[in-house]
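Hi,

Here is the structure I promised to pass on.

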Amino acid sequence: MPYLSRVKINDALNFVSKITFRKTLNASKVLASYYRSKYTSQPTQWGLPFTLSIEPTTNCNLGCPECPSGLKSFTRPTGNLEMDFYRKMIDEVSGKLLYLYFYFQGEPYMHPKFLELVQYAAARNIYTVTSTNAHFLTERKAKETVESGLDRILISIDGTTQETYEQYRIGGDLDKVIEGTKNLVAAKKQLKSSTPHIIIQFLVVKPNEHQIEEIQQLGKELGVDEVKLKTAQIYDYQNGSDLIPDNTQYARYKKQDDGSYHIKNKFENNCWKLWHSSVVTWDGRVVPCCFDKDASHSMGDLQSQTFAEIWNGKSYAGFRKQMLTSRKDIDICTNCSEGLKVWA
């Protein structure tokens, strides 16, 4: 069996091993409520989300041009997720949760107790994922990452030369990223662990699109499990951008006859994310999805409400209703890739 197929199967089996009857029943309810809502245009919500993104921190060491963390452009408060609050939240949702993503904005490894967050979720049999720029993966931290029980890690490498890499990952050091990746691969071998599943994520933008073959080769040389190409979200895309790649296969936007750009999404009045997933900011605000980077559509506050209260509350129901009737009028949806192939 080819190596890539084998590691993908191992990752899939690892995920399946965490599924319980209770989680399956909940996911079935969520799926049924989504299709009922979609075909009746009336919001129905059964069950709780089985995918959750939690923001460990808003801090980041880089200055990426399409990222609020990098640009330091948040209008909401910034800070670190508090441990006791996190434990309380996980205790409430863990019985029905399939995926837990440790990222929204910021670099997760800048949270002083990030791997303790992972350990707590992993001990509750939740499939855990994070995304990192890999500048903090020292030999020690790489070993601790493997020992934490983390199931999957995405390492952002958006160029195969420093000159190309730093055009998007401003302030980044490619050599440090490669060293961190090597440390993690070595730690897995040393500890004889099949996890975490290591993915190099290559965000395709115009400055690096000529290096797609090179990043595939680099992934092989480093011994990671996969290399994935990801299309980039551009904030001010309407008049074009120096970041939109020439190869339209890797762009979320299409040039029109008048020279302007439109997102390829057809904006149908439904969104699967609003039924199966949710995002929690570091300070406990629940927002509908990862496109609400400034938490402008807060559905509730976990500091004073339970997740079930928020998930089944009036704010969420009203937002889902608007999604089912006029998605194009929701500001965070106008640059959304839902329905598009984000992974190229």
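This is a predicted model: local features need pLDDT of at least 70, side-chain atom pairs count only at pLDDT 80 or more; totals for chains, interfaces and linings use all residues.

Residues are numbered from 1 along each chain as its sequence is written, and side-chain values use heavy atoms, with hydrogens and water left out.

Start with helix α5 (residues 114–122) and helix α6 (residues 139–148): they pack at about 20°, axes 9 Å apart. That makes the two roughly parallel (angles under 35 degrees count as such, and those that are neither under 35, over 145 nor 65 to 115 are oblique). The contact (heavy atoms within 4.5 Å) uses Leu115, Val118, Gln119 and Ala122 of α5, with Lys141, Glu144, Thr145 and Ser148 on the α6 side.

α6 also packs on helix α8 (residues 174–190), at an angle of about 50° and with axes 8 Å apart. These two are therefore oblique to each other. On α6 the contact takes in Glu139, Ala142, Lys143, Thr145 and Val146; α8 brings Asn183, Leu184, Ala187, Lys188 and Gln190.

Now the strands (DSSP E runs of at least two residues; helices are H or I runs of at least four). Strand β5 (residues 197–204) runs parallel to strand β6 (residues 226–231), and six bridges join them (pairing takes at least two DSSP bridges). Ile199 sits opposite Glu226 of β6. Between β5 and β6 the chain goes through helix α9 (residues 212–222).

Cheers

Conventions:
Axes are lines fitted to C-alpha atoms, for helices over the stretch in contact, and angles run from 0 to 180 degrees between N-to-C directions. A crossover is right-handed if, with the strands pointing away from the viewer, the path from the first strand over the helix to the second runs clockwise.
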